[in-house]
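Here is a short report for a reader meeting this structure for the first time. Please look over the sequence and the model before reading on.

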2 protein chains.
Amino acid sequence: MANFAIMGFGTVGSGVAEVLRMNGAAIAGKLGEPLQLKYILDVRDLSGTPYAGVAVKDFSILENDPGLDVVVESIGGAKVALDFTRRALLAGKHVVTSNKELVATHGKELLAIAREKNVNYLFEASVGGGIPVLRPLFQCLAGNQIQEVVGILNGTTNYILTRMVKGGIPFDEALKEAQAKGYAEANPAADVEGLDAGRKICILSDLAWGREVLPSDISTQGITAIDLQDVAIASGAGYRIKLLGRAMKLADGRQTAFVAPHLVSESCPIATVDDVFNAIMIRGNAVGDVMFYGRGAGDLPTASAVVGDIMDALEHRAKRRELGWSQPAELIQLETELPLYWYLRGELTPPAGCEVLSGKAVIVGPVPGAEAKALARRVGADTLLPVLR
Amino acid sequence: MANFAIMGFGTVGSGVAEVLRMNGAAIAGKLGEPLQLKYILDVRDLSGTPYAGVAVKDFSILENDPGLDVVVESIGGAKVALDFTRRALLAGKHVVTSNKELVATHGKELLAIAREKNVNYLFEASVGGGIPVLRPLFQCLAGNQIQEVVGILNGTTNYILTRMVKGGIPFDEALKEAQAKGYAEANPAADVEGLDAGRKICILSDLAWGREVLPSDISTQGITAIDLQDVAIASGAGYRIKLLGRAMKLADGRQTAFVAPHLVSESCPIATVDDVFNAIMIRGNAVGDVMFYGRGAGDLPTASAVVGDIMDALEHRAKRRELGWSQPAELIQLETELPLYWYLRGELTPPAGCEVLSGKAVIVGPVPGAEAKALARRVGADTLLPVLR
């Protein structure tokens, strides 16, 4: 018999309980022992629900129970969640989470505690919801030197962009639709300004190269300024506009990570990933490009990843998963040095050697961002976006 | 220091040596110890090559070296490879392979020996080349009940179909092109008749549901009979023709697995996977649909998966990966009971309730295969293909 607790009984926490209800017998069969939900820690009153019998309000009950094996942290944020995660790890519990903010900002410290206490701190659900991507990255592709990780990491903004591209409606209207469907929150800032995608590309970068990249250190541009003009020009020229998180390691060892709307060539499989779906492409020096696709959010998909991690933590009770990252990476910023292709639009004079998309839009490159910016000024372009092809 | 040997120094075996040469330092960093290629067992003479110093011709040298940790079996086939794999496992070596024929036909026995000797028998490279798919299936998605696994599992046939669809050239010509490019072998039977895809869908099915499905027990239809008429009709109606391996578990517990050319709706992400790329879609009852995409063959991509498995085996030296499948599954055959959508083409009278693709092609369903066959006869259709949408 293995026991676990859920801290924070919102969308993800209740999804985990539901997956256990649906698949408990099969999970026990695979684990070789039953998996029991022993506690639910939540500020809300769960009396009158099927979970009344396991509801608790005091974290120290979890902390002090020597029979508790795994704690699921689905509280969110980096305050209470940080405190409880630290204490749970220090108490020798394995911790599993979907909390990208906490992993991106405090993952290094928490993984160091986990190592010291020989327990697992696992967070597959923090990137791509239910899509297996972190474990494939650090395990299946371990024989590779990773060169680039790029993807659609936020379903809300991908839904909005899909509606803008396919429905021809402006950003504000698409956002309202997403809110009506429950895909976007009342305060959509973390999604539409790219912060959520930023946390995720930091975690991917941390795992790909083993050095810390903090969300506060990277350039993050959202989709609020996307113009229907650019959408139309891109579509007409065989490109789609997608919000991408992107991380690269250059030949000289320096790294970059950023979030920005990109023009993506339709020949790239990421371009056709629409609606709330996510897709993450990883380029390794042996494997080439591999891509992972699926629903990046939602209660059951995210819970699927959490439950997979619970089972993995239990299978690695004796010898923890080796996982962690060290000192900060040496970052360069997109704006200055990175040689990329760039989309320029405005009342411009096409520069020599560019690809002309329309009378007032061109693609240039590969050139460093600083050069592209100067060129944009020189030829009179007022819109500048990176291009993935 | 960890030691490994390569048995069979062909495309995959030499790819493994090359990946170690490229990435050895990074691999040692992740493993916490250097990984050394101690032996290459091959019938060929390697003197005069950089590998002369580790070349051996006698398997018993590997078998009797207590300092040898892992053996890579890249011999292929199920004769010598079976004998050497058995003996290596019995000698307490971990074995890693890309040999789908051996895993599909003798995996159950070999995994049972591995369990008895507490060693790992790992085969990520046997399906999808370098694409991480088996480990995500049995580990990341372990909290799910898997409902369906379907995919483009053979790059050679996907290349040929892509050329037929996009280039409008007949099968024979596309095959010759594939052979000229080195994508198809001189004797292309295993690819174009679907045997290779059949072995892979059996392995996926074994892992998804834990019960053995043998290649000889499943229906396997290749692409030799695909007609340019069907290619044109499908393209015009928003479908693509793809050779799919497909395995399902029905609500009543029975399973099916088969390989057949399908009409795939363009709204399904598998439809746009072209050329030599592979893509595998897995449907779980919690996660929904997730898809894995990349190069399904080639020396370095396949070696990437082999090296990942070597590292995983070494990390699970003390406690092996729990992996295996048991008694044969209760199978139903595609032809009889499975309710699917079907494409019918011929000088036919469209049956009631069908979707009309053109004057002489329709889609019906979902109906069991036996019914679709009877219907095809009744309305005068001479072509019948399953549909994925």
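Predicted model: local features only at pLDDT ≥ 70, side-chain atom pairs only at ≥ 80, totals over all residues.

**Around A:Asn120**

A:Asn120 sits in a loop of chain A, between helix H4 (100-116) and strand S6. Is A:Asn120 buried or exposed? Its relative accessible area is 1%. Buried means under 20%, so A:Asn120 counts as buried. Several residues beyond its neighbours within four places in sequence are in contact with A:Asn120. They include A:Leu89, A:His94 and A:Val95. A:His316, A:Arg320 and A:Arg321 are also among them, as is A:Ala313.

**The sheet of chain A**

In chain A, six strands form an open sheet with parallel pairing. Their order is S3-S2-S1-S4-S5-S6. Strand S3 (55-56) and strand S6 (121-122) of chain A stand at the edges. Each has a single partner strand, so one side of each lacks a neighbour in the sheet. Further in, strand S4 (residues 70-73) of chain A runs parallel to strand S5 (residues 94-97) of chain A, joined by four bridges. One bridge partner pair is A:Val71 and A:Val95, the latter in S5(A). A:Val95 is also one of the contacts of A:Asn120.

**Strand S1 of chain B**

Now turn to chain B. Six of the six residues of strand S1 (residues 2-7) of chain B are buried, so the strand is largely enclosed by the rest of the structure. In a regular strand the side chains alternate between the two faces of the sheet. Both faces of S1(B) are covered. B:Ala2, B:Phe4 and B:Ile6 are buried on one side. B:Asn3, B:Ala5 and B:Met7 are buried on the other.

What kind of unit do S1(B), helix H1 (residues 11-31) of chain B and S2(B) make? Together they make a right-handed β-α-β unit.

**Helix H10 of chain B**

Helix H10 covers residues 228-236 of chain B. Its buried residues include B:Asp230, B:Val231, B:Ile233 and B:Ala234. At the start of H10(B), a side-chain oxygen of B:Asp227 comes to within 2.8 Å of the backbone nitrogen of B:Gln229. After the helix comes B:Gly238, with a positive phi near 85 degrees.

**Where the chains meet**

How many residues of chain B are in contact with chain A? The count is 41, and they touch 41 residues of chain A. The two chains bury about 3,400 Å² between them, 56% of it on carbon and sulfur atoms. B:Pro132, B:Cys140 and B:Tyr293 supply 16% of the area that chain B buries against chain A, more than any other three residues.

Zero salt bridges are counted between chain B and chain A. By contrast, 25 residue pairs are in polar contact across the interface, with both residues at pLDDT 80 or more. On the chain B side, H1, helix H5 (134-140), strand S13 (288-295) and helix H11 (299-315) each supply at least two residues that touch chain A. H11(B) gives the most, with eight residues.

Technical notes
Residues numbered from 1 in each chain as written. Chains lettered and ligands numbered in written order. Heavy atoms only, no water. Buried < 20%, exposed > 50% of the residue type's maximum accessible area, 1.4 Å probe, protein only. Right-handed = clockwise from strand over helix to strand, strands pointing away. Contact = heavy atoms within 4.5 Å. Buried area = accessible area lost by both parts, 1.4 Å probe. Salt bridge = Lys/Arg side-chain N within 4 Å of Asp/Glu carboxyl O. Polar contact = N/O pair within 3.5 Å; in protein donor to acceptor, adjacent residues only side chain to side chain. Pairing = 2+ DSSP bridges.
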